[in-house]
Amino acid sequence: MTETSNERDLVRLAKVEELRGAGIDPYPPRLDQPRTHTAAEASAAFEQAEADASDSPVQVHLAGRMLSRRIMGKVGFAHIEDGSGRLQIFVRKDVVGEAAYDQLFKKLLDLGDFIAVGGRMVRTKTGEVSCEAESIQLLAKSLEPMPDKWHGLKDVETRYRRRYVDLMVNPEVREVFVTRARMVQAIREYLDGEGFIEVETPVLQPIYGGAAARPFTTFHNQLKQELYLRISFELYLKRLLVGGMERVYEIGRDFRNEGVSFKHNPEFTQLEWYEAYADYHVVMERVEAMLAHVARRLTGGTVISYQGREIDLAPPWRRVTLRDAIIEYADIDYTQYPTAQALADAMRAMGHRPESTSNRGKLIDSLLSNYVEPNLVQPAFVTEYPIEISPLAKKKAGDPSTVERFEYFIAGMEMGNAFTELNDPLDQRARMEWMQQLYGADDEERHPVDEDYLLAMSYGMPPNGGFGTGVDRLAMLFCDKASIRDVLLFPHLRSLERGEAA
RNA sequence: GGCCCACUAGCUCAAUUGGCAGAGCAGCUGACUCUUAAUCAGCGGGUUUCAGGUUCAAGUCCUGAGUGGGUCACCA
């Protein structure tokens, strides 16, 4: 912390002064010699030279953070780390000189400092490939102590609040975010290869929609207009289909003003796509194909391990109707109970405990999330949803109470949602007005009717299939992390300012 | 928001029934020309998250608060 200067801080600050006094800039603008090799490249170059039995020395200029140091009189060792990994440097007083050795290396450098090292690659007596330093330059002085070199940083709160420290000392954390980036890259690779166009639609929206969630609200001062941070991309992406773009997708941030948990963050990354002339069956095939592609890119196969369980993403996945799934796992056939009251009574009679009787669709959804979802470990599509919880999905032919919709589940988690999109503007208006009645005026989940969206659809929207999935939850899956916070670089935490100001 | 758990040195962790707040690493001083959790000798480092309370005595017990974690609720 910086609010009080303790002895530890004073020692570091005194070193900065001493460096300046000796004419050494503790924060120089650039390296005296440009970096020629990463740590990994330097090792590889040396091993190649060894293999070739070359006599010419491998000269390198390296840069990185000094993580450890072992001083033995007039010779010392240190490990530096750069983006490619760690490398030992070997420092001899008779090579680098007295000033560089005694003053800089032994005294004024600290663990955590960024340094540049020039020298030749050698193998030490114990066989470790190392750089024997001929010059050392301080690149950036660290004023804070590094976490324990052996135990690292374990405190969960500190790891999240100071992710930069977590990243610098815990290489496996960096690895998670590399995997996440590769996953997103593989998703784009699949969609681009299928002719989808990546687009960007507004984050600030005058009317929020496309999902049932409470939005964050903000205000444009000059326009004197209330705006919402988007809770989904759906209504904008489908306007693009009206405009003639046939296959579109967006990867971006959604914001939902709801509870925080191991699988919910107030802002999270969503993937949505819409495809003209496709229905939800086509979407299912794409979801299978896309995630199998991602798995192959990341692991070479389709079987991944998540929290100790093997999950096989190879198509085809299980398909089960919502009704059959609830019969199987909760032993209730909701089609036998046409009203919310009747269904709630039946649930109670079966020993379940429904929380609300306001909405039959919500009761069915609670049966799904409480009894079905935890059992769907292998990938599964749950299909055919009640109309009252699906206002943007097309009705199933011959069954006006059901829509062509699916959600998919992996590892007992809901991963995404899709439908054959409703493109009948008259039906859409009726459904939105019905929602107004279903959700009371005081219900924060009630959506305003988006007249411009209805206008767009009135121009004619091709039949299409749409899909949305949580990218963070996919990252949890592919990185084998049980908490969304472990796949977010900076997960949302409550601010500490209030407590510190008092 | 309810309930449960945690919070001790920069980091990782101890502290018996309520009885002198400790160790390792990191830091500082010194020794040491091939170490790798280097080693050896010495030194400094604490409002035990915060505010109250009980007690001769509180890191430990009680009340409240903060932050984090878990869980339930919420989350088409």
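One term first: buried means under 20% relative accessible area, exposed means over 50%, and partly exposed is in between, with a 1.4 Å probe and protein chains only. Now the ground rules. This is a predicted model, where local features need pLDDT of at least 70, side-chain atom pairs count only at pLDDT 80 or more, and totals for chains, interfaces and linings use all residues. Residues are numbered from 1 along each chain as its sequence is written, chains are lettered from A and ligands numbered from 1 in the order written, and side-chain values use heavy atoms, with hydrogens and water left out.

Let's start inside. Is Ile231 buried or exposed? Ile231 counts as buried, because its relative accessibility is 0%. Ile231 sits in the loop between strand E9 (225–229) and helix H8 (234–242). Helices (H or I, at least four residues) and strands (E, at least two) are DSSP runs, numbered from the N terminus. Contact here means heavy atoms within 4.5 Å. Leaving out neighbours within four places in sequence, the contacts of Ile231 include Tyr208, Gly209, Ala211, Asp254, Phe255 and His447. Ala211 is 20 residues away along the chain, yet the two C-alpha atoms are separated by 6.5 Å.

Next, the cavity. A search of the whole structure finds one of 30 Å³ or more. By cavity I mean a set of points, on a 1 Å grid over the protein atoms alone, where a 1.4 Å probe fits but cannot get out; lining residues have an atom within 4 Å of a point. Volume is the space filled by probe spheres set on the points, which are joined across faces, edges and corners. Among the lining residues are Gln205, Tyr208, Ser232 and Asp450. The lining divides into four nonpolar, three polar and one charged. Ala, Val, Leu, Ile, Met, Phe, Trp, Tyr, Cys and Pro count as nonpolar, Asp, Glu, Lys and Arg as charged, and the others, Gly among them, as polar.

Of the 53 residues around RNA strand B, Lys15, Thr126, Lys149, Glu157 and Arg494 come nearest. Sugar and phosphate make up 61% of the RNA strand B atoms that come within 4 Å of the protein. By class, this surface has 20 nonpolar, eight polar and 25 charged residues.

Which part of RNA strand B does Asp148 approach? A base nitrogen: a polar side-chain atom of Asp148 lies 2.7 Å from it. Lys125 places a backbone N or O atom 2.8 Å from a base oxygen. Ala212 has a backbone N or O atom 2.7 Å from a phosphate oxygen.

Last, some backbone details. Pro315 and Pro316 are joined by a cis peptide bond, with omega about -5°. Pro316 is in the loop between strand E13 (309–312) and strand E14 (318–321). Ala53 is not a glycine, but has a positive phi of about 55°. Ala53 counts as exposed, because its relative accessibility is 60%. Asp480 also has a positive phi of about 55°. Asp480 counts as partly exposed, at 31%. Ser483 lies in the loop between helix H15 (471–479) and helix H16 (497–501). Ser483 is buried, at 11% relative accessibility. Beyond four places in sequence, Ser483 touches Tyr160, Phe262 and Met476.

How values were computed: On a 1 Å grid over the protein atoms alone, a cavity is a set of points where a 1.4 Å probe fits but cannot get out, and a pocket is an open set with protein on both sides within 12 Å along at least five of seven lines; lining residues have an atom within 4 Å of a point. A residue is near a molecule or strand if one of its heavy atoms lies within 4 Å of it. A polar contact is a pair of N or O atoms within 3.5 Å; within protein, one must be able to donate a hydrogen and the other to accept it, and residues adjacent in sequence count only if both atoms are side-chain atoms.
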